[in-house]
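Hi everyone, thanks for making time.

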Amino acid sequence: MTLVAKDASLLQGRDGSKHYLTGNSVQVGPVRGRDVLFTAPAPGTYLLYDRDYGYLNNGGCGGYAAR
């Protein structure tokens with residue numbers, strides 16, 4: 001994956017040089033946006049999921065807690 005923008009701003013220098021980030025994961029916080037280019041290595045189904053299970057803590061209340 002290549003991260004090309006954060007919060008509607010391209011990752012580039014003042015001279016227009018690209019400062020894209022390459023990796024296998026992207027962190028996205030609440031009310032944040034990320035633009036990512038994903039190139040599949042082969043045809044198939046690719047699942048995107050959230051590994052942050054901390055939101056499941058509801059402080060002892062029934063159901064999910066509002067964030």
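Let me begin with a term: two strands pair if DSSP finds at least two bridges between them. Strands themselves are DSSP runs of E with at least two residues, and helices are runs of H or I with at least four residues, all numbered from the N terminus. Before we go on, some housekeeping. This is a predicted model, where local features need pLDDT of at least 70, side-chain atom pairs count only at pLDDT 80 or more, and totals for chains, interfaces and linings use all residues. Residues are numbered from 1 along each chain as its sequence is written, and side-chain values use heavy atoms, with hydrogens and water left out.

Let's start with the strands. Which residue of β2 stands opposite Ala5? That is Leu10. β1 and β2 pair in the antiparallel sense, over two bridges. Ala5 also has a bridge partner in β4, namely Asp35. β1 and β4 run antiparallel too, and four bridges join them. Then there is β3: β1 pairs with β3 over two bridges, in the antiparallel sense, and here Thr2 stands opposite Thr22.

Now look at the turn. The hairpin of β1 and β2 has two residues between the strands, and Asp7 there takes a positive phi near 50°. That is a positive value in a residue other than glycine. Ala8 also sits in the loop between β1 and β2, and Ala8 has a positive phi of about 65° although it is not a glycine. How open is this loop to solvent? For accessibility I use these classes: buried is under 20% relative accessible area, exposed is over 50%, and partly exposed is in between, with a 1.4 Å probe and protein chains only. Ala8 has 77% relative accessibility, so it counts as exposed. Asp7, at 39%, counts as partly exposed.

A salt bridge here means a side-chain nitrogen of Lys or Arg within 4 Å of a carboxyl oxygen of Asp or Glu. How many salt bridges does that rule give? The count comes to two. In one of them, the side chains of Asp7 and Arg32 meet, at 3.6 Å from N to O. This pair links distant parts of the chain: Asp7 is in the loop between β1 (2–6) and β2 (9–10), while Arg32 is in the loop between β3 (21–22) and β4 (34–37), 25 residues apart. Arg32 is at 51% relative accessibility, so it counts as exposed.

Arg34 forms a salt bridge with Asp7 as well, and the closest N and O atoms are 3.5 Å apart. Arg34 lies in strand β4 and Asp7 in the loop between β1 and β2, so this pair ties together parts that are 27 residues apart in sequence. Arg34 has a relative accessible area of 24%, so it is partly exposed. Salt bridges that share partners join Asp7, Arg32 and Arg34 into one network.

Patches are made of residues with over 30% relative accessible area and no salt bridge; like charges are joined within 9 Å, and nonpolar side chains (Val, Leu, Ile, Met, Phe, Trp, Tyr) within 5 Å. The areas come from the Shrake-Rupley method with a 1.4 Å probe, and for residues only the protein chains shown count as cover. Val26, Val28 and Val36 make a nonpolar surface patch of about 190 Å². Of these, Val28 is in the loop between β3 and β4, and it is partly exposed, with a relative accessible area of 48%.

On to the aromatics. Rings of Phe, Tyr and Trp (its six-membered ring) pair if their centres lie within 6.5 Å; planes under 30 degrees apart count as stacked, over 60 as edge-to-face, and the rest as tilted. By this rule there is one aromatic pair. The ring centres of Phe38 and Tyr46 are 5.4 Å apart and the planes are at 65°, so the pair is edge-to-face. Phe38, at 46% relative accessibility, is partly exposed, and Tyr46 is partly exposed at 38%.

Last stop, Leu48. This residue is in the segment after β4 and is exposed, with a relative accessible area of 77%. Thanks, and I'm happy to take questions.
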